[in-house]
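Colleague: I'm new to this one and would like a close look at a single part. Could you walk me through the charged pairs, and then what lies around them?

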Amino acid sequence: MPAMFWKFEVYIKVSKKTTKISTSSGTLEYFWNSVKLIAEDMLDV
């Protein structure tokens, strides 16, 4: 399988800020829970 890298731009409604996230190689399943927590303002980076 080829390497898969992901980039996200997450807008956090509560704090009105945008966070850019870049990942290492892996399937979306590896990173989705963290991205979701950031979007819900439950994980700060």
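Modeller: Happy to. The count of salt bridges comes to two. Bear in mind that this is a predicted model. As a general point, side chains of opposite charge can pair when their charged atoms come close.

Take Lys17 and Asp44 to begin with: their closest N and O atoms are 3.3 Å apart. This pair ties together distant parts of the chain, with Lys17 sitting in strand β2 and Asp44 in the segment after α1, 27 residues apart. Lys17 has a relative accessible area of 32%, so it counts as partly exposed. Asp44, at 61% relative accessibility, is exposed.

The other bridge joins Glu40 to Lys36, and here the closest N and O atoms are 3.9 Å apart. Glu40 is partly exposed, with a relative accessible area of 42%, and Lys36 is partly exposed too, at 42% relative accessibility.

Met42 counts as exposed at 62% relative accessibility. Together with Leu37 and Leu43, Met42 makes a nonpolar surface patch of about 280 Å².

Back to strand β2, which runs over residues 17–22 and also holds Ile21. Ile21 is buried, since its relative accessible area of 15% falls under the 20% limit. Setting aside neighbours within four places in sequence, Ile21 is in contact with Trp6, Lys7, Phe8, Val10, Val35 and Ile38.

The structure holds two aromatic pairs. Phe8 and Trp32 form a tilted one, at 6.3 Å centre to centre with 55° between the planes. Like the Lys17 bridge, this pair links distant parts of the chain: Phe8 is in strand β1 (residues 7–12) and Trp32 in helix α1, 24 residues apart. Phe8 is buried, with a relative accessible area of 16%, whereas Trp32 is partly exposed at 43%.

The other ring pair is Tyr30 with Phe31: the centres are 6.3 Å apart and the planes are at 80°, so this pair is edge-to-face. Tyr30 counts as exposed at 58% relative accessibility, while Phe31 is buried, with a relative accessible area of 16%.

Definitions and conventions. Residues are numbered from 1 along each chain as its sequence is written. This is a predicted model: local features need pLDDT of at least 70, side-chain atom pairs count only at pLDDT 80 or more; totals for chains, interfaces and linings use all residues. Side-chain values use heavy atoms; hydrogens and water are left out. Patches are made of residues with over 30% relative accessible area and no salt bridge: like charges are joined within 9 Å, nonpolar side chains (Val, Leu, Ile, Met, Phe, Trp, Tyr) within 5 Å. Accessible areas come from the Shrake-Rupley method with a 1.4 Å probe; for residues, only the protein chains shown count as cover. A salt bridge is a side-chain nitrogen of Lys or Arg within 4 Å of a carboxyl oxygen of Asp or Glu. Buried means under 20% relative accessible area, exposed over 50%, partly exposed in between (1.4 Å probe, protein chains only). Rings of Phe, Tyr and Trp (its six-membered ring) pair if their centres lie within 6.5 Å; planes under 30 degrees apart count as stacked, over 60 as edge-to-face and the rest as tilted. Helices (H or I, at least four residues) and strands (E, at least two) are DSSP runs, numbered from the N terminus. Contact means heavy atoms within 4.5 Å.
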